[in-house]
Amino acid sequence: LAVTNESTDPIAGQKPGTSGLRKKTKEFMGKNYLENFVQSTFDALKATNVPVEGGTLVVGGDGRYYNKDAIQIITKMAVANGVKTIWIGKDGLLSTPAASAVIRTREGGFVPFGAFILSASHNPGGLDEDFGIKFNCENGGPAPEKVTNMIFENTKTIKEYKICKGFPTMDIGTSGTYVVDGKIRVDVFDCAEDHVGLLMKVFDFDSIKKLIARKDFSMVYDSMNGVQGPYARRVFVEELGAPESVLMNAVPKEDFGGKNSPSHGHADPNLTYAVELVQKMGTNKTGEKVGSGEGVPDFGAAADGDADRNMILGKQWFVSPSDSLAIIAANISCIPFFKEGLKGCARSMPTSGALDLVAKKKKIPCFVTPTGWKFFGNLMDSGDEKLGFTSEHLHGKYFPETENYTPFLCGEESFGTGANHVREKDGMWAVLAWLQILASKNPDESKPLVTVEQITKDHWKVYGRNYYCRYDYEGVESEPANTMMKNLEEKCATLKGTELKGMKVESAENFEYNDPVDKSVSANQGIKIVFTDGSRIIFRLSGTGSAGATIRVYLEKYEKPSGNLDLSQFEVVKPLADLALEISDLPKLTGRDSPTVIT
Ligand code: VG1
Ligand code: CO
């Protein structure tokens with residue numbers, strides 16, 4: 001097993017974004033592209049005393065094109081860098097939350113120092129589409145900014161990478177333990193066992209099983225040909241006894257079905273791309289009811305390519321992700337993991353304030369972080385009294401083996417929800433949370449079903465409704481997008497106190513996050529304009545694209561419980577959208593007169 005040091009040159013643009021490094025697949029397949037990034041990661045880990053040498057590494061991905069080849073390359077490089085044990089999901093598959101669960105809970109005598117997850121999430125896959133890679137640390141969460149910054153610095157100066165060319169190409173299609181040269185161990189294992197095992201501890205599967213068995217209840221789950229297929233089969237069919245027909249698009253495909261599929265290869269669970277599911281659930285692209293509703297399932301959900309996202313639908317009913325987060329928070333004590341109550345929660349800044357209203361009522365801390373799951377990890381890990389958790393919150397009785405057990409919920413407007421059972425957002429978790437809530441609201445089989453729509457409306461009657469929408473302008477030129485953001489930042493200084501279309505600006509700022517745990521500062525996280533009636537307009541540039549820029553405009557308007565709760569969110573926020581375009585000059589700067597996607 002000779003190790004060779006291959007010489008290489010730095011490649012520009014290897015800066016990890018919101019969730020890892022994403023580029024066109026062909027770029028990733030280019031000479032030394034993957035190798036440079038992987039070596040830069042190992043070097044950053046070694047420089048911070050992470051036990052790479054002699055350590056255990058997890059590798060898996062969402063099954064997109066180039067996944068399997070990348071795994072073999074990483075394996076050979078890991079061995080050359082001193083890794084002794086490599087855990088690989090069978091067929092190269094591991095969903096993002098499952099990789100997190102494997103790091104945290106898989107038994108085998110070794111505690112992994114981290115994982116490479118090969119995914120560009122909801123971005124289309126294929127030779128002409130996107131590929132991605134991210135590194136998750138020993139807590140199971142995405143590498144924090146201080147690590148990703150170090151990786152990026154290394155990519156700018158890299159001169160050589162280590163590889164063990166003679167290491168055999170592993171058969172990752174067959175489970176088993178392989179020992180190479182008497183000292184390197186490679187375990188290939190079923191991708192679902194650890195994650196599903198963990199979820200079965202978090203939820204009460206028996207009561208969900210009873211709900212699913214009801215004659216007046218039916219559901220469908222769309223894995224969108226991403227990595228979720230095998231997990232969905234295991235959970236719904238094998239564990240919960242649902243018929244095979246609940247599964248839609250449950251076979252992982254390298255191109256998620258490709259351009260000619262209903263989703264056009266976008267394994268992205270929203271009203272625009274989850275076309276098949278949305279039709280089945282009897283709504284249109286804006287969530288309005290279509291048809292009589294006859295034969296429409298009572299519950300529907302979908303996942304993205306790497307299965308960390310979720311979309312929740314009821315019969316002819318769309319639950320916005322921000323509402324879903326708040327509704328789960330309000331009803332959480334029916335989930336065994338949370339039976340001692342929720343101890344804290346967090347949302348990303350652009351996510352609506354619906355969660356805050358629940359937190360206020362429950363008198364628990366609610367943190368507001370920048371976009372991206374990496375910012376939640378510190379909060380979940382800290383269990384820190386100074387953050388507002390009281391001492392009784394710190395060590396729970398439910399999972400006494402877990403240190404700093406602080407039942408914690410977090411989420412984003414971008415169809416991401418999760419808790420501290422792992423350190424990633426978790427699409428399956430969110431769906432099981434909803435099913436558990438439905439089960440608890442429907443204890444008596446002889447009574448008519450309390451529906452998803454009813455649960456949502458009941459919530460609004462108590463907390464009011466945060467009408468909410470996001471406009472995405474994809475594939476904009478980088479320069480005008482940057483100019484727009486710069487202009488907006490300058491405008492912030494003078495906006496406060498002014499009146500715009502009859503609305504008074506309460507504050508305008510470029511959001512900066514001061515991490516309360518490690519005190520790190522993340523500046524420039526989005527322009528946030530708040531009005532005195534609580535309405536908000538937020539502008540951000542996406543950090544997950546692979547080329548050009550995507551501008552995101554987030555719009556929110558709050559309506560009190562006594563107000564009109566039954567309007568279309570798209571209509572309600574329309575005036576805010578017009579105002580946003582006016583303030584930002586977006587149409588003139590970018591040449592766009594309408595968004596690519598509205599969610
Ligand atoms: C987007 C979402 C963000 C999410 C990120 C990763 O980032 O807005 O909320 O955490 O994708 O999700 P951005 O920078 O493009 O807005 V996933 O499912 O791609 O891992
Ligand atoms: Co994802």
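1. Let's start with helix H12. Eight of the nine residues of H12 are buried, so this helix is largely enclosed by the rest of the structure. Buried here means that 20 or more other C-beta atoms lie within 10 Å of a residue's own; 12 or fewer makes a residue exposed, anything in between makes it partly exposed, and C-beta atoms are placed from the backbone. The buried residues of H12 are Lys374, Phe375, Phe376, Gly377, Asn378, Leu379, Met380 and Ser382. Helices (H or I, at least four residues) and strands (E, at least two) are DSSP runs, numbered from the N terminus.

2. A word on what you are looking at: this is a predicted model, in which local features need pLDDT of at least 70 and side-chain atom pairs count only at pLDDT 80 or more, while totals for chains, interfaces and linings use all residues. Residues are numbered from 1 along each chain as its sequence is written, and chains are lettered from A and ligands numbered from 1 in the order in which they are written.

3. Now the domains. The chain is divided into domain 1 (4-191), domain 2 (196-463) and domain 3 (465-598), with bounds from an automatic or database domain assignment. The centres of domain 2 and domain 3, taken over C-alpha atoms, are 26 Å apart. Across their boundary, 24 residues of domain 2 are in contact with 24 residues of domain 3, contact meaning C-beta atoms, placed from the backbone, within 7 Å. On the domain 2 side, helix H12 (374-382) and helix H15 (452-463) are the elements that give two or more residues.

4. The largest nonpolar core has 143 residues, and Ala326, Ala329 and Cys345 have the most contacts inside it. Such a core is a set of buried Ala, Val, Leu, Ile, Met, Phe, Trp, Tyr and Cys residues joined through C-beta atoms within 7 Å. Helix H14 (residues 427-441) gives this core its largest share, 11 residues. Both domain 1 (4-191) and domain 2 (196-463) supply at least three residues to this core. Beyond four places in sequence, the contacts of Cys345 include Ala329, Leu355, Phe408 and Cys410. Another core, of 26 residues, lies apart from the largest one and has Cys469, Tyr471, Val476 and Ile527 among its members.

5. Then the ligand. Ligand 1 is surrounded by 18 residues, the closest being Thr18, Ser121, Ser542, Gly543 and Thr544; a residue is near a molecule if its C-beta atom, placed from the backbone, lies within 6 Å of it. By class, this shell has one nonpolar, 12 polar and five charged residues. Here Ala, Val, Leu, Ile, Met, Phe, Trp, Tyr, Cys and Pro count as nonpolar, Asp, Glu, Lys and Arg as charged, and the others, Gly among them, as polar.

6. Ser542 deserves a look of its own. This residue sits in the loop between strand E25 (536-541) and strand E26 (549-559). Ser542 is partly exposed, with 19 other C-beta atoms within 10 Å. Not counting residues up to four places away in sequence, Ser542 touches Thr550 and Arg552.

7. Finally, Met281 lies in the loop between helix H9 (275-280) and strand E12 (299-302). Met281 counts as buried, with 30 C-beta neighbours inside 10 Å. Among its contacts beyond four places in sequence are Val296, Pro297 and Leu313.

Technical notes
Two residues are in contact if their C-beta atoms, placed from the backbone, lie within 7 Å.
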